[in-house]
Amino acid sequence: MTKLAGRAAFVTGGAGGIGFAIAAALADEGMRVTIADVATDRLGDAVSRSGGRFAAQRLDVTDETSWREAIDAAEQALGAISMLVNSAGIGGGAAVGADAPARWKLVQEVNALGPFLGANLLIPRMRELESAAHIVNVASLAGLCATPSMSAYNASKYALVGLTDTLRGELAGSNIGVSLVYPGTVRTDFIANAQNIIADRTNIAPRPSGTENLLAKGMAPEEFARLVVAGVKAGDYHIFTHGGWGARLAAHFDDRMAAYGDESRFEGGQDLTELDRAIGAIMDQSANRA
Ligand SMILES: NC(=O)c1ccc[n+]([C@@H]2O[C@H](COP(=O)([O-])OP(=O)(O)OC[C@H]3O[C@@H](n4cnc5c(N)ncnc54)[C@H](O)[C@@H]3O)[C@@H](O)[C@H]2O)c1
């Protein structure tokens with residue numbers, strides 16, 4: 001999406017951290033920005049910190065009704081939304097065998113179901129726009145490369161990567177562009193915020209996670225947001241912002257390709273043209289239903 005000025009953006013998780021910084025960078029480009037967050041106390045502070053540049057809506061990304069109310073109110077206030085930034089997220093966990101199912105489920109609902117609900121609601125509206133629209137999903141390098149002790153977070157971000165790769169195919173050739181962002185560490189209050197939200201919704205009390213220092217040494221959110229907005233303007237689908245992961249990413253993908261190996265050794269070769277034809281029919285049915 002090259003022309004941002006004058007358009008309306010809706011940024012989830014905008015009460016602080018990465019969401020707030022992306023909202024500020026979009027406002028600098030001349031966008032009219034709504035920040036949305038479940039943390040209404042921090043949302044008010046964020047509007048003050050923006051110097052009144054942002055509108056704000058309460059949003060629980062896990063709740064479809066909440067999405068509808070927040071989007072309707074944002075569109076009434078600032079006009080049709082051309083850009084959705086899904087940045088709301090939580091993390092935390094323990095090794096499988098010692099983790100809490102309630103937290104695991106909540107992490108999936110916020111990080112994976114949330115972006116789906118937003119896109120599911122906004123895509124039909126964005127298709128009606130005469131101009132370009134864009135969806136930005138903030139995943140993580142943990143969405144490509146799983147690290148032990150973070151199964152809930154890894155699984156949720158892998159799901160978000162899967163959702164976004166699907167959108168890329170479904171929206172190809174439409175007026176809606178997509179970007180998938182893979183942050184490494186960014187200096188935010190992610191861990192404390194996540195622990196407070198988890199404590200609110202489960203019986204799991206906040207406790208030190210051991211990763212606070214890693215985030216404290218991370219990239220400044222403003223610098224991160226600058227890279228994201230530059231990527232969106234350039235029409236990039238994959239937006240990487242952090243070095244240091246090359247060898248792990250290569251090992252992750254090379255390992256799979258090495259296991260797949262020479263496909264002529266398989267008895268049953270699948271004809272992908274048939275698969276593509278069947279998928280084309282589902283896409284046509286979806287277009288007729290929309
Ligand atoms: N900070 C990092 O190092 C880092 C690294 C990789 C990925 N990320 C991702 O970046 C995104 C932003 O994280 P951040 O670092 O800015 O942390 P943050 O805690 O500042 O921002 C996340 C926001 O999401 C909000 N939120 C949580 N649950 C919600 C819900 N149900 N509905 C609406 N809002 C909700 C929180 O209140 C918070 O304001 C997250 O998706 C996170 O997974 C962050």
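1. Let's start with how the helices cross. Helix 3 passes helix 4 in a right-handed crossing. Keep in mind while reading on that this is a predicted model.

2. Staying with that pair: helix 3 covers residues 64–78 and helix 4 covers residues 101–127. Their axes sit 10 Å apart, and the packing angle is about 45°.

3. The next pair to look at is helix 1 with helix 8, the latter made of residues 221–233. Their axes cross at roughly 55° and come within 8 Å. Helix 1 and helix 8 are therefore oblique to each other, and their crossing is right-handed.

4. Now the ligand. There are 30 residues around the ligand, and the ones that come nearest are Ile 18, Asp 37, Tyr 153, Val 186 and Thr 188. If you want a quick view of the site, those five are a handy selection to display.

5. What is the make-up of that shell by class? It has 16 nonpolar residues, ten polar ones and four charged ones.

6. Three helices each supply at least two residues of the shell: helix 1 (17–28), helix 5 (151–170) and helix 6 (190–201). Helix 6 gives the most, with three residues.

7. Val 186, already listed among the nearest residues, has a backbone N or O atom 2.7 Å from an oxygen atom of the ligand. Asn 193 works through its side chain, with a polar atom there 2.9 Å from an oxygen atom of the ligand. At Leu 59, a polar backbone atom is 3.3 Å from a nitrogen atom of the ligand.

8. How much of the ligand does the protein cover? On its own the ligand has 810 Å² of accessible area, and the protein covers 98% of that.

How values were computed: Residues are numbered from 1 along each chain as its sequence is written. This is a predicted model: local features need pLDDT of at least 70, side-chain atom pairs count only at pLDDT 80 or more; totals for chains, interfaces and linings use all residues. Side-chain values use heavy atoms; hydrogens and water are left out. A residue is near a molecule or strand if one of its heavy atoms lies within 4 Å of it. A polar contact is a pair of N or O atoms within 3.5 Å; within protein, one must be able to donate a hydrogen and the other to accept it, and residues adjacent in sequence count only if both atoms are side-chain atoms. Accessible areas come from the Shrake-Rupley method with a 1.4 Å probe; for residues, only the protein chains shown count as cover. Helices (H or I, at least four residues) and strands (E, at least two) are DSSP runs, numbered from the N terminus. Ala, Val, Leu, Ile, Met, Phe, Trp, Tyr, Cys and Pro count as nonpolar, Asp, Glu, Lys and Arg as charged, and the others, Gly among them, as polar. Axes are lines fitted to C-alpha atoms, for helices over the stretch in contact, and angles run from 0 to 180 degrees between N-to-C directions. A crossing is left-handed if the near helix is turned anticlockwise from the far one by less than a right angle, and right-handed if clockwise. Angles under 35 degrees count as roughly parallel, over 145 as roughly antiparallel, 65 to 115 as roughly perpendicular and the rest as oblique.
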